[in-house]
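Please open the model in a viewer and keep a selection panel at hand.

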Amino acid sequence: MRRFRTHIVISTIALLLCGCIKDAPSAKVEDLTIQGIFNRQLLLDGTEGNSTTFSLKANHDWQIIDYKGFSCTPSSGTKTIDGESVTITATPLQSNNTADTIRLSDLNFKLLSTRFVGISAYQLPQIIADSHTVEIEATEGSAATFTFKTRCPVEDIEVTIDNDKLEVKITKSEDMRDYVRHTITVTSLDSNISSEELFLGRVGFKVRGVVQERLFVNIIQRAAISFDRSIVLLPGNMGGENMFVINSKYEITTKHNGDKFSITPISQNSYIVRALVDNNTANQVLLGEVEVSLKDFPENKIAIEVHQRKATASQTIMIYFVGTALNHYFNNNATKILEALNSNIQGDARVLVTFTDSTSDATLYELRYDNILKMAVKEKVSEFSLSVPYNSQTFESNIRRMKKFAPAEKYALIIGSHGHAWTPKNFVSSSARLMQFGVANPSLLWQKPEGALTRHIGDNGHTVQYDVTEISSAIEANDIKYEYILFDACFMGNIETAYELRNSTKYIIGSPCEVMGAGFPYAKVVPYMLTEGGTSYNLDNICKEYVDYYRNESGIGVRSACVALTNTAELEALAATVKGVNQAAVKEGFSLDDVQIYDGINSSYNPVHIFYDLEDMVEKSCADADAVESFRAQLSKTVTSRYNTDTFYSAYDNKYHDINHYSGITTSAGVDFCAEAWQETAWYKATH
């Protein structure tokens, strides 16, 4: 835990100059260097007398002034010589008996007549708990654990409890170098057979007999029965299904009223609810309720209402997170979507997310604003198997499942994945092909381990990849034309990809280069997917927010983002202009080496770039000025929004690359490395 460490990563602090006495000799900023303090904060231990050290170098006699709540030894000294430094020992004068890190004072320095400021001293708590609330199951004897960190000897610590229905003890201690982490086990000595949570008591702490004020952990015993959602929402059509889960450690019984829905157990405490009628109204309707009781205590029961939505939503956003390698980021993406939905912006629009749990298993969730809970929730809809290796039928069944559960007037699709544009499955990791082009070590075409993670090509080999042709076939089989497809994946802002999908969607949002592992900033872009009460969208603002986020506030230290919006209705006309370009003469001396690249794929022997800027290639290769102008005019109608940072980052070589020309869309024309496969694309056939 970074904030608990007293000896932080060594860093140099550039202090600020304050006032100087007029006409007196003064020091400069470079005359004083402080090391061992991170982010201008001196963190002191929570226990009186436990010291922390840092060091300084000074070109003049120095003095530490104005500090309170701790001592500094030494607090003054003479000029340091030949790069040597002085170690300062800072010692708190009393213990911090709260649960909070407290500010003690500024830490100021004086050289000659110059006062230097810019460091603040803080004192950590003596004990830091990893949780302030712990839940225990409803049955007697159930146990839960939590941990706390401290530098105090364990014999100086007393763990207290204010309720005789609990047993608490330290069960494990681990030395973590800067502190010791202790595990506390809390055990319930009684059962909860009610439908309400019970507050069992508080675990507190004493250090050497002194109570640590405001430091306590609340212990909650879960209800005997609870549901995983506030209501069950069924699709508007007869046969529409949803599921719910009963959380209980006791044996239970269920019953339901009415004849408008059925309920079927699918596993322990999990149930499928199926609508037996159509909802032909324009509103959500109540079908009845399911009652659940404890078998041994039938008077203890709860009920959940079953509702049926109107037949058709205004729009459904389908999100498909493909593969498992990025699951950490996918889970965070879902959390950010919920953050956006917390503003209750979706109206009757639907947001569905398919997570890949393993190579062969997936789960479908609905993300929605719950008007009862007044918050956005993530509800499990179904679990299902995936055929392996992935193919058009796999993708088709995923779309069909989401369409059946959330029929709508219009649909959008978001694909979060490792992206490889138009290239065939596992194409760039073919060792034989790479060696033909001088790449003796195929790992050179993979991401550098020291680099930042991007959504790179491939996931678990070709078995967990889709060709673009498979995606277009799957969409066509479901009789859908999406309003837009957003590719939260690398390299999908690509003309060969867009042309393949021209009949599958009205618009495509994609990046010509790599997308960072964190993906799109969903908390910021989802509101633009659900404008006008969830009935419309603003695609230009989605693109703009994406680049603004990585340019200004991503927090991951990588300033790299390119994105563009393609109008697929204009792609046929664009192909016609490119065909004219291809029929024209090539400029003398043209070389691909002069065209803007969008990947860092290379080897020490020979560049093997795959993605080049389409407009830059046309302008530099075509000798027919009229053909170029016709192309430019049509491109502006086709790629209608384009945003980019000044450089793009590639994890393949762990470098930033300048962007000197940006059209927002790439091509693989003229690339020997993939020429044979490229000539099989629909784009090639339309332009040659």
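Two strands are said to pair if DSSP finds at least two bridges between them. Helices (H or I, at least four residues) and strands (E, at least two) are DSSP runs, numbered from the N terminus. The model is a predicted one, in which local features need pLDDT of at least 70 and side-chain atom pairs count only at pLDDT 80 or more, while totals for chains, interfaces and linings use all residues. Residues are numbered from 1 along each chain as its sequence is written, and side-chain values use heavy atoms, with hydrogens and water left out.

Select residues 316–321 and 350–356. β28 and β29 pair in the parallel sense, over 6 bridges. Thr316 has Arg350, in β29, as its bridge partner. Strands of a sheet pair through backbone hydrogen bonds, either parallel or antiparallel.

Next, colour β29 by accessibility, with buried meaning under 20% relative accessible area, exposed over 50% and partly exposed in between (1.4 Å probe, protein chains only). Of the 7 residues of β29, 7 are buried, so the strand is largely enclosed by the rest of the structure. In a regular strand the side chains alternate between the two faces of the sheet. From β29, Arg350, Leu352, Thr354 and Thr356 point one way, and Val351, Val353 and Phe355 point the other way.

Then move to the loop between β28 and α1 (327–341), where Thr324 is placed. Is Val322, in this loop, buried or exposed? Val322 counts as buried, at 4% relative accessibility. Thr324, by contrast, is partly exposed, with a relative accessible area of 26%. Two C-alpha distances may be displayed here. Thr324 and Asp357 are 6.6 Å apart in space, C-alpha to C-alpha, and 33 residues apart in sequence. Val322 and Gln465 are 143 residues apart in sequence, with a C-alpha to C-alpha distance of 8.0 Å.

Select strand β27 (residues 301–308) together with strand β21 (residues 231–234); the two run parallel and are joined by 4 bridges. Ile231 stands opposite Glu305 in β27. β26 and β27 form a hairpin, with 6 residues between them. Val292 stands opposite Ile302 in β27.

Select β13, β19, β18 and β15. These 4 strands form an open sheet in the order β13-β19-β18-β15, with mixed pairing. β13 (133–136) and β15 (157–161) stand at the edges with a single partner strand each, so one side of each is left without a neighbour in the sheet. β13 and strand β19 (residues 210–221) run parallel and are joined by 4 bridges. Thr133 stands opposite Asn218 in β19.

**Fourth selection: aromatic rings**

Display the Phe, Tyr and Trp side chains. Rings (for Trp, the six-membered ring) pair if their centres lie within 6.5 Å; planes under 30 degrees apart count as stacked, over 60 as edge-to-face and the rest as tilted. How many aromatic pairs does a search of the whole structure find? The search finds 21. The rings of Phe244 and Tyr271 have centres 5.5 Å apart and planes at 15°, so this pair is stacked. Phe244 lies in strand β22 (residues 241–247) and Tyr271 in strand β25 (residues 270–275), 27 residues apart, and the pair links distant parts of the chain. Both Phe244 and Tyr271 are buried.

Tyr546 and Tyr550 form an edge-to-face pair, at 5.4 Å centre to centre and 70° between the planes. Both lie in helix α8 (residues 539–552), 4 residues apart, about one turn of the helix. Tyr546 counts as buried at 0% relative accessibility, and Tyr550 counts as buried at 0% as well. Finally, select Tyr320, Tyr390, Phe395 and Tyr466, which ring pairs link into a cluster.

The buried residues of α9 are Leu571, Leu574, Ala575, Thr577, Val578 and Val581. On the face turned away from this buried side, α9 carries the exposed residues Ala576 and Gln583.
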